[in-house]
Amino acid sequence: MNIAADSQINEAFVALSKAYAGNLDDPYPEYRKLREQCPVYRGDLVAEFGVPSLVAGREGKRDVFCLLGHEVVKKALMDSETFSSEIYREAFAGVMGDPVILYLNGDEHRFHRNLLTQILSPAALKDMTDRHFIPTIRGMVEELASRGRAELMADFILDFPIRVIYKLFGLPNDDPEAMEQFSTRALVMVLGGMIDPSKPEEAQERFANASKASEELFNQILETVKKRRAEGDIQGHDLISQLLRFEKASKTFSDEEISQVLRPTLAAAGETTSRGFANVLALLLERPEMLEQVRNDRSLVPIAINEAMRYEGSVSVVPRITIRDTELAGVKIPAGSGVNILVGAANRDPAAHEEPEQFKLVKRKNQPLSFGFGAHMCMGMPLAKTEMDIALNAVLDLLPNLRLDPQGNYEGIKGIQFRSPTSLPVVWDAP
Ligand code: HEM
């Protein structure tokens, strides 16, 4: 596998997808069978499916439990004092620096959540959407329109959330090479968190590459922060401007602190959104009559997005470690256990959704858990949904009669921790 830090974005994505693919394309029947027996599974299903498991620990020796039912999943995600996200620190500290919101708790976590709530405010997102995100995303699709054929993963989907983040941060995006480096580094950084105890050498190489990529990202952001501060260029709704302006109870941020707030946000925002959008589009392309329905009635766009995030969310497993003894559905879980919270399985629990195994263009009673729940619930959900909405409308407007390429090698949605197609070959009627 090519895991060189300077590999191109598509190569890095394919490598990451392969490493996470596991040995089962469709894990849902297995989830259903096990959930019917008990919503808590003793053992590490993720590792049993052939995927490097974060929760078992670097030595692979920790007791592991998997949560499959909607109720137990919600309970665990709401109880962050028992089911701690500290586990991420094992995978990412040393790669993504400190602090990283995802593994903070208590007051420090509250401070960072309030900060992100403020800088990702609806007003800021609306302004950035109108001025930057819509032209950026539609512009990318417009560039493709005359071709009539594309592999949309490589040609559009992997890139657009990174370009959005570029704009959101306020980085200069007039340098395509720097932007491509930025995208690739973001993926290589995420790749470093994967641990396969049976392959220590590969894990070490990945970790070294990820640390290097992460440091380069940090410096890339830092350079702009310094420049913008020096030039007093801090008026906009972009995050660098907002963080440079930030002042609260005598707290201001140094250039390095600003770079550190942004680096993990990038890791959270890129690949998750690419895979999420790929799933929306793939599910519709697999059902041409539904795609047509959405094309003709755009009020169905947000419904299709929400339903795709339930039926095939891009994040399917959320890791935790228990920091005290606990019990769920009558199963005792000792302190120090690794827990795989299978949000993807919970999203198909008939106790929460009618006909959960059907992909339907309807509003569901319960929200999907694909953006998490409770203290660490995704802070970028409104942004991710906005991006996917713009992208789906752009594709429907600008690529007439879009369909899967019969000569392409479309293999469907796969993966255990992350789910998505690795490629999306399509054709359309070019003008
Ligand atoms: C479809 C796209 C996305 C999906 C499926 C997704 C999913 C998730 C999930 C499941 C979590 C919770 C993890 C846990 O509890 O362990 C999370 C947290 C987070 N997400 Fe997203 N995310 C997406 C897009 C974004 C975007 C665009 C941003 C950009 C701002 C973002 C920023 C964050 C942050 C900052 C957190 C940490 C919140 C905390 O720890 O309090 N996400 N995301």
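Residues are numbered from 1 along each chain as its sequence is written. Because the model is predicted, local features need pLDDT of at least 70 and side-chain atom pairs count only at pLDDT 80 or more, while totals for chains, interfaces and linings use all residues.

**View 1. The shell around the ligand.** Here 24 residues surround the ligand, and the closest are Ala269, Gly276, Gly372, Cys378 and Gly380 (near: C-beta atom, placed from the backbone, within 6 Å). Two or more residues each come from α6 (106-119), α13 (255-285) and α17 (381-398), with α13 giving the most, 6 residues (helices are DSSP runs of H or I, at least four residues; strands are runs of E, at least two).

**View 2. The open sheet.** Its 5 strands follow the order β1-β2-β8-β5-β3, with mixed pairing (pairing takes at least two DSSP bridges). β1 (40-42) and β3 (83-84) each have a single partner strand, so one side of each is left without a neighbour in the sheet.

**View 3. A parallel pair.** Take a look at β2 (residues 64-67) and β8 (residues 338-341), which pair in the parallel sense over 4 bridges. Val64 has Gly338 of β8 as its bridge partner.

**View 4. The two sides of α2.** In this helix (residues 28-37), Tyr31, Leu34 and Arg35 are buried (20 or more other C-beta atoms within 10 Å of a residue's own; exposed means 12 or fewer, and partly exposed lies in between; C-beta atoms are placed from the backbone). On the other side of α2, you will find Pro29, Lys33, Glu36 and Gln37 exposed.
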